[in-house]
Each structure stands twice: as C-alpha cells, then as structure tokens.
Amino acid sequence: MYYITDKEIDAIQGDMGETLRKQPRVRMRIEGSGYWEGGINGWFFRVRRGEETELPKSIAELIQRSEQVAVMGEREVKAYRGVGRRVAQV
C-alpha cells in the first residue's frame, strides 16, 4: 500500500484533491508513537504520531473518530482480559 506525504496531499488530482485543497487546515497532534494510518476514497494517509502536523479538516476528523473508537474498544475489552479459562493450548 502506498502512503502519501503532507506535500503530496496538496498535489492529489481529481475530485478528492479538489475537496481536500478547499478544506480548512487543522493543526493536530496524535498521541503515542509510530503512525496513524487510514484512508478516504482510495487515498491512504500515514501521519506520524507525537508530532504536530497540519491536515485537511476531513482527515483530522477521521483521525479523531478513529482514535475515539480505539479508546472505546479498549475500554470494552479490558473487562475480559485476564479472566476465564483457556480452552486450547497456545
């Protein structure tokens, strides 16, 4: 999978590129280390965590929603960690 850089976001062609260029930019920082990865309409983005970056509003919203889902999922699974019995040898 090919991921584009911040500069390449500005150079996206077609309807998606036009949509992203017209959107207001949002400065944000994603907590943690490594990368956040996600996609919109076939365009895939990789954003470094722990560094402030400027992104089109729709990508920033996608990141915020993605992070919320990850936190909610972790909270739901946490209650089941370390309980129960193993039914198969690992």
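A charge is taken to sit over a ring if NZ of Lys or CZ of Arg is within 6 Å of the ring centre and within 35 degrees of the ring normal. In this predicted model, the charged end of Arg46 sits over the ring of Tyr35, 5.0 Å from its centre. Local features need pLDDT of at least 70, side-chain atom pairs count only at pLDDT 80 or more, and totals for chains, interfaces and linings use all residues. Residues are numbered from 1 along each chain as its sequence is written, and side-chain values use heavy atoms, without hydrogens and water.

Confidence is given as pLDDT, the predictor's score for each residue from 0 to 100. The chain averages 81, and 77% of the residues score at least 70. Where pLDDT is low, the predicted coordinates should not be read in detail.

Helix H2 spans residues 14–22. Met16, Gly17 and Leu20 are buried there (under 20% relative accessible area; exposed is over 50%, partly exposed in between; 1.4 Å probe, protein chains only). They share one side of H2, because their arc around the axis is only 95°, taken from the directions from the helix axis to the C-beta atoms. The face turned away from this buried side carries exposed Asp15 and Lys22.

Arg49 lies in the loop between strands S3 (43–48) and S4 (52–56). Arg49 counts as buried because its relative accessibility is 18%. Beyond its neighbours within four places in sequence, Arg49 is in contact (heavy atoms within 4.5 Å) with residues including Tyr35, Trp36 and Glu67.

Terms used
Helices (H or I, at least four residues) and strands (E, at least two) are DSSP runs, numbered from the N terminus.
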